[in-house]
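Welcome! Let's take a walk through this structure together, one stop at a time.

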Amino acid sequence: MSKLIASAAIRGAHKIISRAEEKYKEALEKFGANQEVAFPNTGYFLPVIYGILGYKVEKLEDMGYVFETCQRLLPPLVKENVHLPYLAPALDAGMATLFAEECEEAIRYIEEPDFYVQGEDPTDDKLWLGAADDIILRKRGVEFVDGTAPGFAAILGSVPDPETAKNIAEELQKKNLYVFMAAEHNGKHFAEQLVEAGVQVGWGTRLVPFGPSVSAAVFAMGFATRAALSFGGIEAGEYRKVLIYNKDRIFAFGLPFGYVTDEWYANAAGIINWGFPVIADTPIPEVLPTGICTYEHVVSNIPHNEIVSKAVEVRGLKVTVTEVPVPINYGPAFEGERVRGDDIYLEAGGGRTPCIEISYLKEMNEVEDGKVEVIGPELKDIEPPAKLPLGIELLLAGRKMQEDFLPILERQVHHLVNYAQGTMHIGQRDIAWYRISKGAVEKGFTLEHIGKILHAKFHAEFNTIVDKVQVKIYTEEDKVKKLTEDAREIFLKRDERLEGMVDEEVDTFYSCTLCQSFAPNHVCIVTPERTGLCGAYSWLDCKAAYEINPTGPNQPVIKGEVLDATYGQWKGVNDFIYKASRGNVEWYDTYGIMRQPMTSCGCFECIAAVLPMCNGLMTVDRDFTGMTPIGMKFSTLAGSVGGGGVTPGFVGHAKVFILSKKFEYGEGGLERLVWMPKHLKDELKDRFSKRAEDLGVPDLLDKIADETVATTEDEVLEHIQKVGHPVLKLPPLI
């Protein structure tokens, strides 16, 4: 960092901290010292402060210590163009800036509770999304771990026109990066320019408008810090580890557009602490590398048409983009895009028309690789907004292909089609739902391109098992209906096969260590009756994944000698766990929660916990944001249970595991369950009722409390006593 930049950053820090501290004093006067402070639905308090200092800001009065810390970090005010003898003071000033801005934004949540949208997408009258809640963090943050999203660009200001903004955003999206936006320049905001250009913004498209002020940039740093705490297994206050984790793992950079003010310099100095460089479109004097970032920490005067590639180069980010033969942009950044209302050119499925996706395993001589047929009307043959029946038939062949792989490959259709800009895909099998936008069709997109996408991506991503791909696309109703009838018989046989499998009938389980990149000690053992904690990997999926990638995270685990059939312990499994956890975990109960439950990573769909007074268990899924009877929200539970540790009395699990005969079998199984969120009860109702009937308690679901009747353990106990829950007859848990 040049010495002139450092002096500007310090001046900016003085301005920001002074302003924030004044707001703090006003808020104290207005709301009182005991006013609760929080970013909505997060267990990380004010995350930059919490992650770096290890200090919890829970009430307004707690901010006093933060501002005292800011003053200790803040170097003396320097005049313009004064050269500093060394550069560390500017970095300290930058860190203090972020602490102050986080307090300032938290006060805004008190003063203007409706200023920011609660959720993933802007509304018609509200653009700013503010701090990401923990549901978004868990959903989106894991993408920074598995490489789906290698990093993010933090944009300040605006560019000369909406079209330039659109071009920059799309280039970042094509590189699979998130775009976090804050601060105006000359009365314009980059996010507003995107909206003006007709670009969808929100978490779904990875174009995230945090807020209109420069202080909203702190939400980007809060997201990065929480990623380190949540997925890196780092404790709050281990600031060096937090910063190094981000430098090495989160490939982010700042893009200030327009004149760089002192306040912007202060924020730039702040983000450089995380190892994130700054690439500007305007000239900045004496730009020098410092070694804090991978390469240069500040690069300036870069033209708009070169700035993204320069930023990627300076950050040291390796981006892999697979080209597919379509006339529209393509990549994971477009997966969350929605096609709505007047922009719909074609809609198929979703209850409007029949829609089906099915794959068939064929002999090599039965498949003509690369052939795509559209049987029935094409997009050029219809007028928008149109509705058509749609059938996608995949004919797959390969020397290593197996029937077991077909459901895995079918599931990929959802992602692969959604990666095309201007398309929307929801569901699978015979409940698929497609929308294609007018904008995509105007650029030349056709139904045939769906087949070309699937052909290209199956070869690119599954070339170890797929040798030939042929696609037939039907848009004639009689043919779609016939395809659906045939497919449903196949789906039924598949489901019956998986449902009929039990752990005792196989000698091999499978591991999943995908999450070890952020939970080093975690080892998931996936069995026919216990899916992976994330709900995305069944035993058959892991078996297929091992065949596809024999050196990947899904490895076969020979069960070996049965050590405890009730709690689910086998010698071979224990040996594998010890080795795969690098000696940190010697054994665990696959079917238990009380003694030594399975390690929990952070990607679990649900968390089960013991309710001692009730002699039972509760479970809560990540979509439930309210308080649970154990006195913690899901986000707080996740922070306590995740990270790859063994936590007796708590365990992560998939939703479908609730329906398994092995659900906490060591403690008595499903009859121990006394509380779960109502929406989860509704989601599982039909399959749960069948399972309860098999247990001889057909009304068990009605006897389980939810948030409509109980939010404390005392209320749960009162409810189960009132309805005569079978847990009352089970032996004590403790």
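This is a predicted model: local features need pLDDT of at least 70, side-chain atom pairs count only at pLDDT 80 or more; totals for chains, interfaces and linings use all residues.

You can find asparagine 574 in helix H17, which covers residues 571-580. Leaving aside residues up to four places away in sequence, asparagine 574 touches Leu563, Gln569, Glu586, Trp587 and Tyr588.

Next, let's turn to the aromatic rings. A pair of aromatic rings is described by the distance of the centres and the angle of the planes. Searching the whole structure turns up 31 aromatic pairs. One of them joins phenylalanine 657 and phenylalanine 663 in an edge-to-face arrangement, with 5.6 Å from centre to centre and 70 degrees between the planes. Both phenylalanine 657 and phenylalanine 663 are buried.

Finally, have a look at two helices, H12 (residues 406-418) and H14 (residues 447-461). Their axes come within 10 Å and cross at roughly 115 degrees, and the crossing of H12 and H14 is right-handed. Which residues of H12 and H14 meet? From H12 come Leu409, Gln412, Val413, Leu416 and Val417, while H14 brings Ile450, Ile453, Leu454, Lys457, Phe458 and Glu461. In this contact of H12 with H14, eight residues are nonpolar, one is polar and two are charged.

Key: Residues are numbered from 1 along each chain as its sequence is written. Side-chain values use heavy atoms; hydrogens and water are left out. Rings of Phe, Tyr and Trp (its six-membered ring) pair if their centres lie within 6.5 Å; planes under 30 degrees apart count as stacked, over 60 as edge-to-face and the rest as tilted. Buried means under 20% relative accessible area, exposed over 50%, partly exposed in between (1.4 Å probe, protein chains only). Helices (H or I, at least four residues) and strands (E, at least two) are DSSP runs, numbered from the N terminus. Contact means heavy atoms within 4.5 Å. Axes are lines fitted to C-alpha atoms, for helices over the stretch in contact, and angles run from 0 to 180 degrees between N-to-C directions. A crossing is left-handed if the near helix is turned anticlockwise from the far one by less than a right angle, and right-handed if clockwise. Ala, Val, Leu, Ile, Met, Phe, Trp, Tyr, Cys and Pro count as nonpolar, Asp, Glu, Lys and Arg as charged, and the others, Gly among them, as polar.
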